[in-house]
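Here are my notes on this model.

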Amino acid sequence: MSESPSLAGGMRRKPQQARSQERVNRILDVAEDLFARQGYAATTTNAIAAQAQVPIGSLYQFFPDKTAILQALALRYGEMLHQELVIIDEAEAATLSLADYVNQLIDTTDRFFTDNPSYYAIFMEVQGKIRELEEIDEATDAKLIQHLAGSLASRNARLEPVDCEAIAFVLVKAIGTLLWLALGQEKPFRQRLVVETKRLAFEYLQSYFSFLPNPS
């Protein structure tokens, strides 16, 4: 995910000082809360500025409109998820069994959704309505695919880069879609869908990594 989607269609400028960054973070935190509690459509930039205790002019220095704030939130969520997944590789993911790797990959993604309930609350309302968000989603997925392709390559050096990229594409799109849809279900069924997503991912990956241990 490059910076171009955020700067071209989102923020007017990036904060250069710690004080400005703190102000931007406060604006985003307040917007996240208001969008989730009263809805994106019902929230105004004036309300965001007032609750964040910043002058409306300061808000507009960084964000030209409400959509830009939403875009910045989408980028922040995407980066948060990416950093969560990076931790798996830092924990020597290549040495994990295939089952443990799949469990960590999906549990981490599901925990991200659980720990950030505003993500689903906000973006369900605007899904399919704001083109710029679709571009950010695609850029976020591309970054996750690139990262996952590198992880797969470290597990099996015999795979060609094009194979790793294709496998990673399928996993990111399938896991992301299934876990997103699971969020709208009652808790018992949601938990079942997480289990089924693990089964799907494991069986798929096992066809490429069949020499690795089976789950117990």
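1. Helices here are DSSP runs of H or I with at least four residues, numbered from the N terminus.

2. This is a predicted model: local features need pLDDT of at least 70, side-chain atom pairs count only at pLDDT 80 or more, and totals for chains, interfaces and linings use all residues. Residues are numbered from 1 along each chain as its sequence is written, and side-chain values use heavy atoms, without hydrogens and water.

3. Helix α2 spans residues 18-38 and helix α3 residues 45-52; they pack at about 125°, axes 9 Å apart. Axes are lines fitted to C-alpha atoms over the stretch in contact, and angles run from 0 to 180 degrees between N-to-C directions. α2 is therefore oblique to α3 (under 35 degrees is roughly parallel, over 145 roughly antiparallel, 65 to 115 roughly perpendicular, the rest oblique).

4. From α2, the contact includes Ile27, Val30, Leu34 and Arg37; from α3, Ala47, Ile48, Gln51 and Ala52. Contact means heavy atoms within 4.5 Å.

5. The largest pocket has a volume of about 850 Å³. A pocket is an open set of points on a 1 Å grid over the protein atoms alone, where a 1.4 Å probe fits, with protein on both sides within 12 Å along at least five of seven lines; lining residues have an atom within 4 Å of a point. Volume is the space filled by probe spheres set on the points, which are joined across faces, edges and corners.

6. The lining of the largest pocket has 37 residues; Phe113, Tyr119, Asp137, Asp141 and Gly176 lie nearest the centre. α8 gives the largest share, 11 residues.

Definitions and conventions
Helix = DSSP H or I, 4+ residues; strand = E, 2+ residues; numbered from the N terminus.
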